[in-house]
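Dear colleague,

Please find below the sequence and structure for your review. My findings follow directly after them.

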Amino acid sequence: VLNWIESAVFMKFGLLKYLLALLSLALIRYRKKKIVWMLHNIHPHQGENWVTRATERYLYRHADLIVTHSQEAAKYARVRAKCDVIYACHPIEKIKIDDYQESVTPCDILIWGTVLPYKGIYELLCQECIKASGLRIRIIGVCKDRTLEDKINSRCNDKITYENRKISFSELKASIINSRHVLFPYVGTSVSSSGALMDTIVMGGTPVGPNIGAFHDLNEEGVCLTYNDYPEIVNLAKNKTGIKEEKRNSFISQNSWKSFAQMLYQKLK
């Protein structure tokens, strides 16, 4: 079962890891074992090059099963794959946090997680409708790109704050509870699904994301709000739109890791 193997080239000693991956795949096929490719993103977030394209071509030709976490990614993969491609919602796990801290700053919009260019935070803060909205926006997450950090900080003010640090689950739950919405302002065409989206749902938040990939799918299931342009984000935030708890609880119970494993087992029998 392969996860993010197409992105190995972007790691340390990436070209060597790519060659080792090819050798490993050849050995797996020689032993007549099955290959399951978990296609998390339509393209690697870091971009594409000849190595990523070569890895993807190999897997589209030789994988025995491709699993995606959005209908959009499944549609993209089906026209390229020689094997079966299935859509399965990203598995979700209950996160039990009893002693979460309650003394956090309330906000209208919370953005959390590792800060990377594809997450579109700087692009969001540059929008006139966002600056004029008066919304209290709190951003928490590690950013290793100094240039991107400086650009985000340049857009902060008394309403918009950024903390370049990792947040604990206890503080995160408190922050989610004390925010109206948890925003994922992703940009680009690589995004298919998001583990942070699933964690937000589990911890009682109201996620908001672009009308693409898993955000679109989960909007249809009633556990995520979506937008098509930046002014819609402002409208959603000011209207205090939320999701129903019965929808959230039903979604969590139907998409457990146990049910995902059972589905995968049945497909590979």
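Helices are DSSP runs of H or I of at least four residues, numbered from the N terminus. The model is predicted, so local features need pLDDT of at least 70 and side-chain atom pairs count only at pLDDT 80 or more, while totals for chains, interfaces and linings use all residues. Residues are numbered from 1 along each chain as its sequence is written, and side-chain values use heavy atoms, with hydrogens and water left out.

Helix α1

Leu23 is located in helix α1. Its relative accessible area of 49% makes Leu23 partly exposed, a class that lies between buried (under 20%) and exposed (over 50%), with a 1.4 Å probe and protein chains only. By contrast, Gly14, Tyr18, Ala21 and Leu25 of α1 are buried. These four lie on the same side of α1, because they cover an arc of only 55 degrees around the axis, taken from the directions from the helix axis to the C-beta atoms. Just after α1, Lys32 has a positive phi of about 60 degrees.

Salt bridges

A salt bridge is a side-chain nitrogen of Lys or Arg within 4 Å of a carboxyl oxygen of Asp or Glu. There are nine by this rule. One of them joins Glu128 to Lys131 at 2.9 Å, N to O; both residues belong to helix α5 (residues 128-133), three residues apart. Glu128 is exposed at 56%, and Lys131 is partly exposed at 40%.

Arg165 pairs with Glu163 at 2.8 Å and with Glu171 at 2.6 Å. Glu171 is buried, at 10% relative accessible area. Through shared partners, salt bridges link Arg138, Glu163, Arg165 and Glu171 into one network.

Yours sincerely

Definitions and conventions: Helix = DSSP H or I, 4+ residues; strand = E, 2+ residues; numbered from the N terminus.
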